[in-house]
Amino acid sequence: MIMRTMINTMLAVLLLMAGQVSAGTLAEVVRHGDIRCGVFPDDPGRSAIDENGVWRGFYVDFCRATAAALFGNAERVQFVEVDATSRFTTLQQKHSDVVMYSSTWTLGREDAYQVAFPAIYLFDGQGLLVRKDSGIGGLADLDNKTVCVTENTTTYRNLLMLLERNQIHARVLPSNGDSFFRGHCDAYSADRINLAINRAHRADNPDNYLILPELLSREPISPMVRNDDAQWHRVIRAVVHALILADEKHITQGNVAEVARQSTDREVQNLLGVSGHLGKQLGLPAGWALQMIKSVGNYSEIYQRHFGPGTPVNIPAGLNQPWSRGGLLFAPLFR
């Protein structure tokens, strides 16, 4: 009798564990009714709360796009504030479902933090921000100078490696852009979009500062998810690629409903749920991509809204355009 009771208890535990494993992130997100999206606070252009208390930014729109794909409602997002360290731990501890942040995809991070990078949504590169009257024209001019750079970033390690390789004797100060603008260092190194954001929003007079043309690294930026859920990985990857494909196909926030009714392009029909079974294969509603585009626009609409000419950041899209327009953005076939 005791043995039978023990066996039944063990079977019950195993069945409970199997149920928890099979649930997966997508099922959990659907169960609690919104997506928990990790973003960095106070980063205008990328992710910040505006004067009306509303989250806005490039990464914020990808959070909203994911919510629109899952629920048909872009507002069903819980924004989880993260920083350079907690962006990893918040995933490990399951406090967030996805992190939309300026995280460079490296193979080492995949192993060290047990995370996965579903798709590149921003091509960037490390650069230097200096005062126009500093006399600094490139990396070689940093000898005997002080450079600010954020710790626990690829930028920090890149800078140390480049200085050592080129035998440049500069002092590296682990700090952010605020220290640079307060005069504590001669240059500030970060991804170029980060530099443009800092210049636009934290400088006393942005015209007094220059982002040098020299690129110090390549920085493929991707959302992050835990590496233990292949289905959720595919969902986030599909969100990014659908917005890129919509851009390539000239499907916009304004014309998506009309395109869904009239297009004879089979790939467009598959994308918008008019034909095919991509939504079912992903575990999403048939019109998941249509809802995203209707809510936030295509990739270029998101980019131009937050980074493009006419914004304080004012960084041309460059590589961040579809391959058909000279960029590096490339989606798999939606078939």
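Modeller: In this predicted model, glutamate 248 belongs to helix α8, which spans residues 230-248. Glutamate 248 is buried but forms no salt bridge. Its nearest side chain of opposite charge is that of lysine 249, at 4.8 Å; this does not count as a salt bridge because the pair would have to be within 4 Å. What the side chain of glutamate 248 does have is a polar contact of 3.1 Å with the side chain of tryptophan 323. Leaving aside residues up to four places away in sequence, glutamate 248 touches Pro322, Trp323, Ser324 and Arg325.

Now the aromatic contacts. The model has 19 aromatic pairs. One of them joins phenylalanine 62 and tyrosine 121 in an edge-to-face arrangement, with 5.0 Å between centres and 65° between the planes. This pair links distant parts of the chain, 59 residues apart: phenylalanine 62 is in helix α2 (residues 58-71), while tyrosine 121 is in the loop between β6 (115-116) and β7 (122-124). Phenylalanine 62 has a relative accessible area of 0%, so it is buried. Tyrosine 121 is also buried, with a relative accessible area of 0%. Both residues are part of one aromatic cluster, made up of Phe58, Tyr59, Phe62, Tyr121, Tyr299, Tyr303 and Phe307.

Arginine 76 places its charged end over the ring of phenylalanine 71, 4.2 Å from the ring centre. Arginine 131 lies over the face of phenylalanine 180, with 4.5 Å to the ring centre.

Key: Residues are numbered from 1 along each chain as its sequence is written. This is a predicted model: local features need pLDDT of at least 70, side-chain atom pairs count only at pLDDT 80 or more; totals for chains, interfaces and linings use all residues. Side-chain values use heavy atoms; hydrogens and water are left out. Helices (H or I, at least four residues) and strands (E, at least two) are DSSP runs, numbered from the N terminus. Buried means under 20% relative accessible area, exposed over 50%, partly exposed in between (1.4 Å probe, protein chains only). Lys and Arg count as positive and Asp and Glu as negative; His and the chain ends are not counted. A polar contact is a pair of N or O atoms within 3.5 Å; within protein, one must be able to donate a hydrogen and the other to accept it, and residues adjacent in sequence count only if both atoms are side-chain atoms. Contact means heavy atoms within 4.5 Å. Rings of Phe, Tyr and Trp (its six-membered ring) pair if their centres lie within 6.5 Å; planes under 30 degrees apart count as stacked, over 60 as edge-to-face and the rest as tilted. A charge sits over a ring if NZ of Lys or CZ of Arg is within 6 Å of the ring centre and within 35 degrees of the ring normal.
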